[in-house]
Amino acid sequence: MNIKLKLQYDGTAYHGWQIQNNAVTIQETVKKAIEQITGEQINLIGCGRTDTGVHAENYICNFHTLSSIPPEKFPYALNSKLPSDIVCFNAEKTDEKFHSKNSAVKKRYIYKIMCSEFPDAVMNRYTWHCKYPLDIQKMREAAKAFIGVHDFLGFASSGFTVKTTVREIYSLDILKENKIITIDIIGNGFLYNMVRIIAGTLMYAGSGKINPSDMEEIIASCDRKKAGITAPPQGLCLKEVYY
């Protein structure tokens, strides 16, 4: 039986999704909880990696099991074993060929920036604090250049192992509510740190460090040095995965 899980997690205390030596990760924590419940050694497949400190509202993973536990009972059993910053809110039997990562066709991320003179004690785990105002119109103007198919080599950190750095961005919206600016991006896939580098670049555009009219040239250059900084992880959240 192939079980598809939907998770939410606060990534603050974890070194990302992927199991690592000598580090606590989301994958390891969830895998151990499943194995306690089923009594089996399982292979937990995630929809992708999230970095240290990154959050998820709707993370998809799957595993195969011979357990007789009804799929709909897994969230209740798992949540009794999981820490409070990881929650399973849905489980269902899925097609045997379903693969959380390989079956995904697009993903949606949001990145939040808090624009205020002082940090926010409640939101500082979920936003990037910027103590000066940002020009949201310039950010929106710069964002237009990312839409479509591009080689995003200049918007990836070193260390990636993908065959191609070409990706398609379907939408990139910049929203503002009170002091919080939200970058909402949907694409068919993202390179290592790509969303965080896009966020850092858009912040540079909003602060006047990058001219929005230069954005098309910056993307086309494939030069990491011409883009903005890599935004810190706590502002990033995986919002949705589409299949």
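Strands E5 (residues 106–115) and E10 (residues 236–242) pair in the antiparallel sense over six bridges; pairing requires at least two DSSP bridges between two strands. The model is predicted, with local features needing pLDDT of at least 70 and side-chain atom pairs pLDDT 80 or more, whereas totals for chains, interfaces and linings use all residues. Residues are numbered from 1 along each chain as its sequence is written, and side-chain values use heavy atoms, without hydrogens and water.

- Lys107 has Val241 of E10 as its bridge partner.
- E5 also runs antiparallel to E9 (residues 180–187), to which eight bridges join it; here Ile113 is partnered by Ile181.
- With E6 (residues 128–130), E5 runs parallel through three bridges, and Cys115 stands opposite Cys130.

**Overall fold**
- The protein contains five helices and 10 strands, assigned as DSSP runs (helices H or I, at least four residues; strands E, at least two) and numbered from the N terminus.
- The C-alpha trace spans about 60 × 40 × 30 Å along its principal axes.
- Among contacts (heavy atoms within 4.5 Å) between residues at least 6 apart in sequence, 71% join residues at least 24 apart.

**Burial and surface**
- Buried residues account for 50% of the 243 residues.
- The protein exposes about 12100 Å², of which carbon and sulfur atoms supply 48%, by the Shrake-Rupley method with a 1.4 Å probe.

Notes: Buried < 20%, exposed > 50% of the residue type's maximum accessible area, 1.4 Å probe, protein only.
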